[in-house]
Amino acid sequence: MEYDDKVINRLKRIEGQIKGILRMIEEGKDCKEVVTQLSASRSAIDRTIGVIVRSNIIAFKQNIDEINSMSQEDIVKEADDLLVKSR
């Protein structure tokens, strides 16, 4: 699967958030501030997972041969399995 620039940019932004959190910890920032930023990073990761799974479903749907051999239920189950693994 090819990943578009949107996904790469999201991950770079998350990388920046994580580096910022490390800096906050090194500076001894308040626990509440650190946890807030960690929560924001986790949300960004979850949204990125959604974008990747959605893109995968779209790419998968475009592959006619695979669709013909799978039911819609199987396709949805595969997407659901990916999302569950991310938790």
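**A first look at this helical chain**

Lysine 29 sits in the loop between α1 and α2, in a predicted model where local features need pLDDT of at least 70, side-chain atom pairs count only at pLDDT 80 or more, and totals for chains, interfaces and linings use all residues. Residues are numbered from 1 along each chain as its sequence is written, and side-chain values use heavy atoms, with hydrogens and water left out. The protein chain has 4 helices and 0 strands; here helices (H or I, at least four residues) and strands (E, at least two) are DSSP runs, numbered from the N terminus.

**Overall layout**

- Starting at the N terminus, the elements of the protein chain read α-α-α-α.
- Of the 87 residues in the protein chain, 17% count as buried. Buried means under 20% relative accessible area, exposed means over 50%, and partly exposed is in between (1.4 Å probe, protein chains only).
- Take the contacts in the protein chain between residues at least 6 apart in sequence: 53% of them join residues at least 24 apart. A contact here means heavy atoms within 4.5 Å.
- The protein chain has an accessible surface of about 6900 Å², and 53% of that belongs to carbon and sulfur atoms. Such areas come from the Shrake-Rupley method with a 1.4 Å probe; for residues, only the protein chains shown count as cover.

**Confidence**

- The average pLDDT of the protein chain is 84, and 84% of the residues score at least 70. The pLDDT is the predictor's confidence in each residue, from 0 to 100.
- Among the elements, helix α1 (residues 5–26) has the highest mean pLDDT, at 96, while helix α3 (residues 64–69) has the lowest, at 60.

**Residues to look at**

- Back to lysine 29: it counts as partly exposed because its relative accessibility is 40%. Leaving out residues up to four places away in sequence, lysine 29 touches Met24 and Val34.
- Serine 41 lies in helix α2 (residues 31–62). Its relative accessibility is 2%, so serine 41 counts as buried.
- With residues up to four places away in sequence left out, serine 41 touches Gln17, Ile18 and Ile21.

**A patch on the surface**

- Met1, Tyr3 and Ile8 make up a nonpolar surface patch, with about 300 Å² of accessible area together. Patches are made of residues with over 30% relative accessible area and no salt bridge; like charges are joined within 9 Å, and nonpolar side chains (Val, Leu, Ile, Met, Phe, Trp, Tyr) within 5 Å. A salt bridge is a side-chain nitrogen of Lys or Arg within 4 Å of a carboxyl oxygen of Asp or Glu.
- Methionine 1 is in the segment before α1, and methionine 1 counts as partly exposed because its relative accessibility is 48%.
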